[in-house]
Amino acid sequence: MTRECAVLLPGVCAALADPRQPGLDDTCLEKLLDWFRSLTWFDPTVELVEENPCLTELLSSVLALPDPSPGILSFTLQLAGILASSESRFQHLQQEKLLGRLFGQEGPRGSAAWEDASVRSAWLKGVHSMLHHLPALHCLCSTGGMDVIFTLQGDPSLFVASAASQLLVHLLTFSLESETSRALSTKDCDWPACAQMIVEHIKDSLQSSSASHIEQSLKLLSSLFGSCFGSCYAAWTEVLWSDIAKQIESFLLEETVQAQPLLADLLLNVARSPAFCGTEGSFWALVTSALEHLTPVQAGPLAVGLLKLCKCPQDVRIQALTVLLQPMDCILRAASQPLECAGLLDESVSDPATLESLLSSKTSCAGLLCQTLTHLEKLLSLKHLRVDLPCVSLLHSLMTILQFCNGFLSPTSPLGSTISRNLINCFRVQKSALDVLAALSEKKECDTLMGSLFDVLLSYLQSPNTSPTVLKKTFQATSKWLVHLQELSSSNSQWPQTEKILEDVLVVLQKRLCSPCWEVRDSSLEFLTSMVKCLRDQKEFRQCLLSSEVLRLTENLLGDPESYVRASAVTAVGHLAPITCFAPESPVTGNQYNKESIVAKLQEILSTDSEGFPRRAVISIFTKWLREGCTGQLEDTEQFVSRIIQTVEHDLDWEVRLGGLELVEVFCSQTICQLSQCPYAPVSSAVPSSSPQNELLQVFCRAKLFGFLFGSLCDCDKPVGQRACDVLVGLRGHFYPMSTLENPQEVEDSPAGRGIAWLQRTLRQGSLAQNFPMDGDVEVDFQDPECMMLALGAIDLLELHDELNKSSDHVEESPQSLLQDILAAVGTIEDNEVDCY
């Protein structure tokens with residue numbers, strides 16, 4: 001603790017204990033506790049409380065109050081726990097008889113204050129902080145603290161109940177860590193005293209007739225096995241599991257038990273423990289039983305969790321996959337009688353009648369299918385799935401679901417008819433099914449269904465009943481399958497089929513680009529951009545695209561009344577430009593696709609659009625063009641960049657200004673590569689005598705880069721200043737090798753010296769010097785190569801870089817400032833002594 005803080009602390013403690021003072025803001029008290037946590041973490045000695053007796057006086061004073069406020073009492077309990085986290089300070093507070101009065105029976109536990117949830121929560125947090133040594137553990141067990149924690153497990157406040165459960169996990173782990181002195185023999189095991197109390201409590205609760213007690217213990221067990229206890233104490237984990245396994249099994253068989261939904265989470269956490277990494281044993285048999293007896297909704301999360309485990313036995317893994325596929329299999333079988341294609345499964349795990357009942361119910365059908373589809377999407381995203389998915393049948397099932405949802409399939413079976421009625425226009429299921437459909441595009445086994453698949457996708461793209469959100473998902477899935485189709489047609493020479501599909505898609509896209517709904521127009525433009533990114537190199541795609549009306553409609557949307565659509569149109573036009581106007585021999589003829597015309601339209605949006613989204617899109621596209629070399633020769637690029645930065649430097653949107661700096665960075669990098677013999681080599685002298693370096697400086701000055709960069713250093717938005725500084729530091733590294741910076745005295749004596757000195761002073765003011773106010777007649781010529789060379793070498797850019805990267809609260813949130821603020825809030829110091837933030 002600093003001397004300044006030690007001087008302020010007694011006044012703060014006195015103010016906190018004074019009932020006449022107004023209550024302090026909770027944030028201040030939390031920050032104060034954080035400070036004490038950091039102090040005690042680095043210094044476990046007793047000196048903190050001995051040298052600052054005001055701390056123990058604060059604890060005593062609050063205890064002496066007849067009716068302390070819940071806020072101050074909560075603070076005091078947590079502070080006491082933090083101070084008692086080391087054994088030496090714990091003993092000191094015990095000698096002062098403070099801990100028993102705070103955490104024992106004579107403390108808040110027996111007072112009216114205990115009715116406040118914040119006090120109960122603070123008591124638990126205080127105990128948790130204190131429990132880092134055995135004396136604290138023994139004290140808690142001997143003063144009835146364990147019973148309090150057990151009771152608080154069922155507290156009506158979820159925060160208190162959660163804190164109690166976390167504390168019990170910590171207690172059991174700490175007890176094993178501290179009190180076990182010999183190697184464990186699982187045959188002859190004695191739990192340490194505290195751990196024994198917790199284990200007996202769990203076992204008693206599991207055998208209780210109270211559903212809430214059973215639920216609390218199952219949640220506690222799940223937390224235990226999911227914490228470091230389950231991974232670090234494999235032998236103890238096995239012992240604990242052996243004590244409760246029979247009871248858990250009975251819960252699975254008793255279908256009326258309300259605790260069944262918690263069993264899946266518990267079993268999954270136990271399965272993750274190293275104690276059960278073998279394939280033999282009764283545990284995996286119990287997991288198999290759970291997959292059979294839990295309902296499909298309850299078993300789903302367990303099944304997908306097991307499939308992610310690398311150590312799960314193969315037979316259990318296959319059963320878990322079967323659980324996930326059962327709803328999809330049921331859909332496929334219900335779609336037609338007799339079955340037209342092979343189902344997904346040869347046999348079921350759970351009762352098929354239960355599954356059919358869930359799918360027949362309007363309320364449960366969508367929920368079960370959405371859960372199943374979400375799990376399948378997760379599995380498809382895994383790089384290494386240790387079971388084989390029946391992809392063709394799964395795709396067939398997905399298409400069936402989508403046809404049920406849009407009413408394009410009329411099944412003959414009674415179950416199929418019921419499911420179809422339940423799913424008609426069900427957006428939730430449509431979106432989930434389309435996500436899985438998109439994920440399946442990576443699987444080559446599905447090629448045989450390509451024609452049927454696109455029929456389903458096109459039916460959604462064409463239907464006026466498709467909602468905007470479902471349409472967006474359909475576009476995303478279509479984009480992925482088009483890429484797959486392109487790969488297939490390239491290898492199998494099936495181009496006629498692909499061309500027909502592309503033409504059909506583009507016809508639908510033309511209609512959607514004219515939709516009265518802005519979300520549809522926006523999604524359509526995003527889909528177009530995605531197609532161009534993936535298929536731009538395919539000659540057949542370009543031909544289909546250029547012969548359609550898509551280009552004209554897209555360009556028209558640059559003037560859309562909705563800013564999101566304008567932004568998406570900018571992006572689409574930007575990605576189309578390499579095909580339409582930047583190609584060496586552009587296949588598009590006509591004025592409307594002229595390169596100058598497109599650039600002029602985007603520049604007009606950048607300079608005049610009232611919304612930020614389109615302007616950000618334009619600067620992003622310009623940077624993309626520059627990076628890809630679409631802007632022509634160096635002279636053209638120089639003028640192009642100059643016009644842009646003169647537009648964006650006064651833009652009110654900081655992201656547009658930041659985009660301008662990214663453009664400048666790309667331009668500088670490319671120009672250096674073009675004009676330097678070695679792109680990464682610094683110049684050999686600090687004086688720009690070599691022709692390439694002179695030419696570089698002249699290009700940068702003509703493009704008016706330096707005025708933009710130095711001005712951005714004073715931008716009121718810190719990310720802009722940071723990026724500008726990064727660019728300038730990079731330029732200085734190119735023009736000045738190490739240890740060859742300008743001599744400040746020589747610079748000051750030079751003709752441009754006064755201007756450079758003014759610039760240095762202005763930059764040190766940071767954002768206070770916005771818009772670069774001129775200091776009398778002193779100006780810096782940002783278009784003078786010699787002056788800019790001096791500026792790069794003389795101005796301490798690294799110091800500016802450090803300043804810009806400092807957190808804005810590096811002074812304001814110091815402990816001293818915090819203590820001053822607290823004293824100011826209670827009115828014990830003068831205003832001019834405090835640094836309020």
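Predicted model: local features only at pLDDT ≥ 70, side-chain atom pairs only at ≥ 80, totals over all residues.

Residues are numbered from 1 along each chain as its sequence is written, and side-chain values use heavy atoms, with hydrogens and water left out.

Helices here (H or I, at least four residues) are DSSP runs numbered from the N terminus, as are strands (E, at least two). Take helix α37, residues 705-712: 6 of its 8 residues are buried, so the helix is mostly covered. The buried ones are Leu705, Phe706, Phe708, Leu709, Phe710 and Ser712.

Next, the rings. Rings of Phe, Tyr and Trp (its six-membered ring) pair if their centres lie within 6.5 Å; planes under 30 degrees apart are stacked, over 60 edge-to-face, and the rest tilted. How many aromatic pairs does a search of the whole structure find? It finds 15. In one of them, Phe103 and Trp123 have ring centres 6.4 Å apart and planes at 55 degrees, so this pair is tilted. It links distant parts of the chain, with Phe103 in helix α7 (residues 99-103) and Trp123 in helix α8 (residues 117-130), 20 residues apart. Phe103 is buried at 7% relative accessibility, and Trp123 is buried at 0%.

Trp191 and Trp236 also form a tilted pair, 4.5 Å centre to centre with 35 degrees between the planes. Trp191 sits in the loop between α11 (158-179) and α12 (193-206), and Trp236 in helix α15 (residues 234-253), 45 residues apart. Both Trp191 and Trp236 are buried. Elsewhere, Phe225, Trp241, Phe283 and Trp284 are linked into a cluster by ring pairs.

On to helix packing. Two packed helices are described by the angle between their axes and the distance between the axes. Axes are lines fitted to C-alpha atoms, for helices over the stretch in contact, and angles run from 0 to 180 degrees between N-to-C directions. Angles under 35 degrees count as roughly parallel, over 145 as roughly antiparallel, 65 to 115 as roughly perpendicular, and the rest as oblique. Contact means heavy atoms within 4.5 Å.

The axes of α1 (residues 3-17) and α4 (residues 54-64) come within 9 Å and cross at roughly 5 degrees. That makes α1 roughly parallel to α4. The contact involves Leu9, Pro10, Cys13, Leu16 and Ala17 of α1, and Cys54, Leu55, Leu58 and Ser61 of α4.

For α19 (residues 314-335) and α21 (residues 362-381), the axes come within 10 Å and cross at roughly 125 degrees. These two helices are therefore oblique to each other. Among the residues that meet are Leu321, Leu324 and Met328 in α19, and Leu368, Thr372 and Leu376 in α21.

Last, the backbone. Most residues other than glycine have a negative phi. Lys97, not a glycine, has a positive phi of about 60 degrees. Lys97 lies in the loop between α6 (87-95) and α7 and is exposed, at 62% relative accessibility. Asn425 also has a positive phi of about 60 degrees without being a glycine. Asn425 is in the loop between α23 (414-423) and α24 (427-439), and is partly exposed at 42%.

Terms used: Buried < 20%, exposed > 50% of the residue type's maximum accessible area, 1.4 Å probe, protein only.
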